[in-house]
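Let's walk through this structure together, one question at a time. Please keep the sequence and the 3D view open as you read.

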Amino acid sequence: WWIPFFVLSFFSIFKCVRYFFSNLFVFPLSFLILLTNTYILMIVSGGQLGGFGLAYALFPYTILQFMKLCNNLKSISFSQSLFCGVVLSAMLVFDMRVYYLSLFVIGIYVLMFLISQSYFSLKTLIKLVVYILIIPNITVLLLHFLSFQLHHLETRLSIRLWMLLSF
């Protein structure tokens, strides 16, 4: 699990630094700060690398995708919103606590985005609700429902196969 953790962390931090800073010299410092703080070192060394560690590595990228969605509200597309839902769904697969934290941060950002707008119409508000709240969350629910159904089907098929082979 160490290699996916470092690759996902590298990718996530690189995308965020490239979005916020034009100077990429900030990247090594941000990578160092994110991966060598005492909290993540204790969590990862305590055996939660596979779940919490991967969700922690994906957290900056998830927040960045939703920030891009808010900032590009005029040219937003269904596929961008669907992609945010897939990233959020991966976050839920890895760890539910980080998923809830990301929902909280996204909610705060959306509220601050609405407050910072000097003028927004009802059309903008509806677009924000549909593309940032409804589509990604429906995507998360559908992906996890399908995952549960496939797991349930696999369990039933393995039980039937075991029954056939036992006779």
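**Questions and answers on the fold**

Q: Which helix does Leu-111 lie in?
A: Leu-111 sits within residues 96-116. Helices are DSSP runs (H or I, at least four residues; strands are E, at least two), numbered from the N terminus. The run that holds Leu-111 is helix H6.

Q: What pLDDT do local features need in this model?
A: Residues are numbered from 1 along each chain as its sequence is written, and side-chain values use heavy atoms, without hydrogens or water. This is a predicted model, where totals for chains, interfaces and linings use all residues, side-chain atom pairs count only at pLDDT 80 or more, and local features need pLDDT of at least 70.

Q: How many helices does the protein chain have?
A: From the N terminus on, its elements run α-α-α-α-α-α-α. There are zero strands, and the helices come to seven.

Q: Is Leu-111 buried or exposed?
A: Buried means under 20% relative accessible area and exposed over 50%, with partly exposed in between (1.4 Å probe, protein chains only). The relative accessible area of Leu-111 is 51%. Leu-111 therefore counts as exposed.

Q: Which residue meets Arg-97 in a salt bridge?
A: Side chains of opposite charge can pair when their charged atoms come close. A salt bridge needs a side-chain nitrogen of Lys or Arg within 4 Å of a carboxyl oxygen of Asp or Glu, and the whole structure has one. Here the N to O distance is 3.0 Å, and the partner of Arg-97 is Asp-95.

Q: Is Asp-95 buried or exposed?
A: The relative accessibility of Asp-95 is 11%. That value is why Asp-95 counts as buried.

Q: How are H2 and H3 oriented to each other?
A: Axes are lines fitted to C-alpha atoms, for helices over the stretch in contact, with angles from 0 to 180 degrees between N-to-C directions. Under 35 degrees is roughly parallel, over 145 roughly antiparallel, 65 to 115 roughly perpendicular and the rest oblique. Helix H2 (residues 26-36) and helix H3 (residues 38-45) pack at about 50°, with axes 5 Å apart. H2 and H3 are therefore oblique.

Q: Which residues of H3 make the contact with H2?
A: Contact means heavy atoms within 4.5 Å. H2 brings Leu-34, Leu-35 and Thr-36. On the H3 side stand Thr-38, Ile-40 and Leu-41.

Q: At what angle do the axes of H5 and H6 cross?
A: Helix H5 (residues 78-94) places Leu-88, Met-91 and Leu-92 against H6 residues including Tyr-99 and Leu-103. The two axes come within 6 Å and cross at roughly 140°.

Q: Which residues does Thr-62 touch, not counting those up to four places away in sequence?
A: Thr-62 is found in helix H4. At 0% relative accessibility, Thr-62 is buried. The residues touched by Thr-62 are Val-87, Leu-88 and Met-91.
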